[in-house]
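This report covers a helix, a pair of domains and a chain interface, in that order.

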Amino acid sequence: MKIQQNERFSHFKKYYKQYLLLLFSLLVFGYWQFGFPYMLFFQEPLQLFLCSFDYFIKSVSTAGGLARYLGEFFTQFYVLPLGGPLVLLLWLVALQQLTWLLFQKVSFKDNHFYLLSFLPSLWYCTILSEEFYLLSGLISVVIAMVGVLLYVSIKNFKVRSLAGILLIPLIYFVAGGSYILFTLSIFVYEVVVFRKRDIAIRGIFWLCLLFDFLIAIVLPLFYRMYFDPVPVLQAYITEHFHKISTVFPFPVVLIWLFVPFALIVIFWVGNEEIKKTKKIVLYGVQVLLLFLAGYGGYIFFANPKAEYIKKFDYYVRHENWEKVVSLAKKKLPRNGFAVNYLNLALAKTNQLGDRLFRFEQMGKVGLFLPYEREMLSAMLGNETYYQIGLVNVSQQYVFEATESMPDLRKSTRSLKRLTDVAIINGQYELANKYIQLLKKTPFYKNWAKEAETYLYHEDKINNHPDWGEKRRLRPLQDYFFSVENIDQILLALLQDRPQHKMAYEYLMSYYLLNKDITSFMEYVDLGYNIHYKYLPVAFQEAVLYVLALKSREAVENNNFPIEDATKDRLYRYIAIYTQYPNARELLKKDFSHTFWYYYHYK
Amino acid sequence: MVYFKRCKRTKRKFTLMVIVFSFIGCNKLPQLSDAYEFGHSPEIFPDYDGVTVPYNIAPLNFELMDSCQALFVKISSAKGENNFSFRKKKVYFPEKKWKKILSENKGDTVFITIYSKKGDKWRKYNPIHFFVSKDSIDRMLVYRKIMPGYQTWNTMGIYERDLSNFKEKLVLNSEIMPGTCMNCHTFRNNEPDSWLLHLRENFGGTIIFTNDNLKKIQTKIPQTFGSAGFSYWHPSGKYIAFSINKITQIFHGVGKVRAHALDMKSDMVIYDVEKNSFFTSPLINSPDAFEAFPCFSPNGKTLYYVSSPAGELPQDQRKMKYSLCSVSFDEQNGIIGNKVDTLISAKMLNKSVSIPRVSPDGRFIMLTQLDYGNFPAYNPEADLYLYDLKEHKMRALDAFNSNDVESWHCWSSNGRWVVFSSRRRDGLFMDVWIGYIDQNGAPRKPFLLPQKDPEFYDSFLFSFNLPELIKEPISVSPHRIAKVATKSKGQQAEFDTSH
């Protein structure tokens with residue numbers, strides 16, 4: 001038994017690095033695959049990666065451009081079911097392995113800092129949970145780490161000095177701001193590690209380091225002066241870490257500082273003989289650091305609520321309306337975007353009028369998102385307008401979304417929607433412009449090629465399930481769009497398309513959510529054009545409510561297509577509402593999903 | 001022995017060079033004698049067939065719209081012949097050779113004969129031609145690049161393009177000044193020595209460059225309802241005429257015209273550059289009329305502008321029709337005349353005119369005619385017209401116009417070239433077009449601003465706004481402009497009541 005235990009222990013001791021790596025890989029993969037997959041699905045179409053030589057040259061011609069290019073290239077794979085988690089795993093493991101190799105360079109091969117080598121990767125894994133942090137930042141750090149390893153691998157001091165002088169500008173142009181990590185690391189290596197081992201070199205040693213530092217300081221200034229006139233801080237940091245280029249990527253800077261700092265610690269601690277008790281403390285500290293990085297990073301950067309909304313967005317983009325409704329049934333975040341998507345899904349599945357009050361509503365924002373001068377409200381908000389047939393408004397929102405992109409770049413998502421609208425509106429030259437761009441993207445080229453076959457073919461477009469439908473739904477008479485007057489626009493649309501069920505239900509729902517009973521009653525008759533057997537339940541409730549204010553006879557003898565069951569429920573509601581002071585509590589259980597309850601208590 | 005070895009090596013190198021050059025050079029005439037003749041002209045983009053170009057224009061690179069594996073292009077004229085071979089269907093003329101061809105053919109017609117290869121067969125198209133004018137165009141073209149949008153923008157920039165090649169230089173952009181909108185760059189008489197541009201939102205103000213001095217001013221004064229807007233330099237450089245506009249946008253729900261810009265209110269003022277003060281006159285600053293788009297005559301004695309009776313917007317949108325008016329201007333004393341002449345009456349025309357620009361010889365006013373309003377950018381019917389100040393007649397510049405918007409025109413310093421914006425290609429993106437106009441005001445077929453890559457326009461998602469021609473490059477660096485713009489709030493302009 002003991003022999004078996006010993007064997008197991010020695011097996012673990014021999015392969016513990018592989019086991020830890022496996023555990024880390026499983027953690028990372030699981031984190032993205034099961035924790036935040038929809039954030040990756042959301043991120044992917046918000047970029048426009050073109051597979052062309054021109055785009056490559058244009059990308060790599062800026063400081064850090066190669067990191068950005070690679071970041072965009074790999075981000076494309078997020079569109080695949082396992083693509084995102086696998087891509088992130090690849091780069092995070094690469095960072096860990098490079099960190100470990102570097103740790104070995106400054107200490108002995110089997111030193112006690114293997115656990116610590118996971119820290120940058122783990123931290124970066126959590127950083128990327130915030131959607132504004134870019135994969136290109138991670139790639140930039142990896143490139144800088146490759147540079148550091150290359151540098152420390154050179155044994156000859158003179159060759160190494162020359163390599164340093166060449167590598168600083170190279171890494172700056174290839175990886176951007178992570179050249180700071182490289183510069184600090186080689187400085188630490190020279191001053192702490194190399195100088196300790198060989199103190200014979202003096203004058204030339206300091207001169208070389210000074211020269212390295214001079215290059216590192218002057219290079220971005222030179223770059224902004226002659227290549228790209230960006231602000232000073234941006235010239236040093238570069239824009240490949242955070243989508244908003246003016247944001248200082250402090251969490252990434254911590255990694256730039258951690259690596260050289262860790263080199264000092266490992267060199268001083270790692271090369272000494274360590275006693276067993278000290279070893280326990282050492283490993284304990286590493287585990288604690290990993291825990292802090294992992295848990296702290298999660299708390300700081302991860303946003304499960306946003307992930308849930310992105311899940312809604314994913315299913316809306318894929319027009320899986322049933323799934324959106326079932327998600328809302330499970331949990332509906334109190335958030336305008338989620339409610340907006342839910343109502344859209346209800347409308348698309350012919351349930352809006354029936355089940356509007358089955359879910360927590362948020363007023364008119366839940367139906368039509370106003371443009372808030374930022375990307376999300378515009379990009380997500382366009383979906384409702386598009387589906388209802390207000391394609392020009394959808395186009396406007398997508399334009400605004402494109403111009404509000406935090407990274408100032410274009411996206412496949414907006415180009416696809418702009419193509420939709422251009423085709424629906426018969427602007428084929430314009431549509432072709434977008435199509436030619438999309439044809440250069442590896443994952444959207446098939447869609448673009450297919451769309452191209454529709455250009456100038458009116459019949460084919462009219463028979464297209466989406467474009468043809470939108471042509472039949474869009475308004476005929478012009479109006480000036482303002483979200484404040486959306487009811488007037490829907491009324492005009494209903495005048496043009498009297499049988500436009502979605503427009504009718506949105507209009508009525510709009511009045512109900514605004515508690516505008518007068519307008520509701522004024523236009524509820526428009527529903528006759530849709531030939532309902534019975535009015536949708538929420539509308540029945542609203543009509544009955546108004547009639548009940550007049551008399552019981554009015555309720556009983558009305559000409560509206562209303563079910564008897566709704567009338568019975570109304571009587572029960574009235575009985576409780578009028579008799580009990582704590583009616584709100586009593587009605588909550590059975591009537592919280594009715595218009596009456598919403599009207600009185602929400 | 002060594003000698004023979006060297007000989008052998010040299011011979012090998014020579015053979016290799018021959019092979020390499022036979023692939024790269026490709027200027028050798030292929031077997032074209034039995035080429036199949038199409039009997040029609042080729043369709044190329046951009047369309048350069050029949051255009052007139054200045055002799056100092058960049059190469060007119062183009063793309064053959066038919067598919068092919070290779071191209072052979074023969075450029076011929078009375079002065080000789082040049083042959084070029086290209087792989088695939090894009091034609092890139094070498095800049096030096098192109099320059100030589102144009103300088104040899106000033107005042108002459110140049111023919112382009114295209115042979116395309118498909119399979120093993122060569123096919124020949126009928127020749128197309130362009131005319132090389134003896135009149136040069138100003139070297140630099142300044143424009144703003146901005147994505148056509150609605151209310152929001154994030155990337156924009158003002159750039160200057162050397163028209164004799166493909167070099168483009170930054171003047172100022174939103175990377176160097178994040179969050180700042182920049183617009184309405186104007187120059188005095190096509191000179192880069194006096195210019196201005198407005199900045200809005202972050203670090204707002206007006207940047208004025210004159211006498212090698214860069215300054216920032218604040219133009220909102222209590223006497224006006226807003227900051228200075230559209231501008232025009234007096235030829236002396238002492239004054240700048242501004243219109244002050246209150247602009248709003250409306251968005252259409254139906255159709256291809258997605259938006260309109262409305263001038264809710266506008267007046268005009270004149271800025272004295274030295275005194276940093278504004279002055280005006282009730283004639284150009286009337287509450288009963290909207291005056292806009294000022295323009296001085298080349299002798300500086302007349303101020304042209306457009307004016308419409310005031311209206312309630314947006315309901316009166318289609319009733320707003322602008323006339324072309326003028327008023328005299330005394331440069332010495334900075335005095336605006338006391339009589340307004342109406343040169344083109346909107347009432348008579350039942351149309352609106354906008355953006356008057358006088359030709360350098362003072363004979364013509366080029367302007368945009370549109371159904372209503374004074375912002376032609378969104379009116380597809382907006383076309384360029386020429387008003388003859390000698391004969392007092394207006395005529396359409398048919399050769400320049402299309403079914404979509406033409407506007408924002410600018411004369412070259414010699415008056416023979418006009419650059420203007422047009423949405424004719426796809427109805428959304430504004431492109432720059434260059435057209436020749438002779439001394440009698442007769443226009444010739446214009447051409448699209450040449451780009452190095454003929455496919456450039458296929459994927460370019462920005463509009464070129466406000467094309468302005470200048471003779472030489474701007475001498476101020478983007479950093480210097482940004483420094484002046486960001487370091488101070490700017491001098492507050494005053495209002496001078498003594499005029």
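The buried residues of α4(A) pack against α2 (37–43), α3 (53–60), α5 (83–106), α7 (135–153) and α8 (157–175) of chain A. Helices are DSSP runs of H or I with at least four residues, numbered from the N terminus. A residue is buried if 20 or more other C-beta atoms, placed from the backbone, lie within 10 Å of its own. Because 10 of the 11 residues of α4 (residues 65–75) of chain A are buried, this helix is largely enclosed by the rest of the structure. Among the buried ones are Arg68(A), Tyr69(A) and Glu72(A).

This is a predicted model, in which local features need pLDDT of at least 70 and side-chain atom pairs count only at pLDDT 80 or more, while totals for chains, interfaces and linings use all residues. Residues are numbered from 1 along each chain as its sequence is written, and chains are lettered from A and ligands numbered from 1 in the order in which they are written.

The domain bounds come from an automatic or database domain assignment.

| Domain of chain A | Residues |
|---|---|
| domain 1 | 32–302 |
| domain 2 | 306–473 |
| domain 3 | 483–601 |

In chain A, the C-alpha centres of domain 2 and domain 3 lie 28 Å apart. Contact (C-beta atoms, placed from the backbone, within 7 Å) links 18 residues of domain 2 of chain A with 24 residues of domain 3 of chain A. Helix α17 (residues 352–355) of chain A gives the largest share of the domain 2 side, three residues.

Between the chains, 33 residues of chain A are in contact with 30 residues of chain B. On the chain A side, α19 (391–403) and α21 (428–438) are the elements that give two or more residues, and the largest share, eight residues, comes from α19(A).

Terms used:
Two residues are in contact if their C-beta atoms, placed from the backbone, lie within 7 Å. A residue is buried if 20 or more other C-beta atoms lie within 10 Å of its own, exposed if 12 or fewer, and partly exposed in between; C-beta atoms are placed from the backbone.
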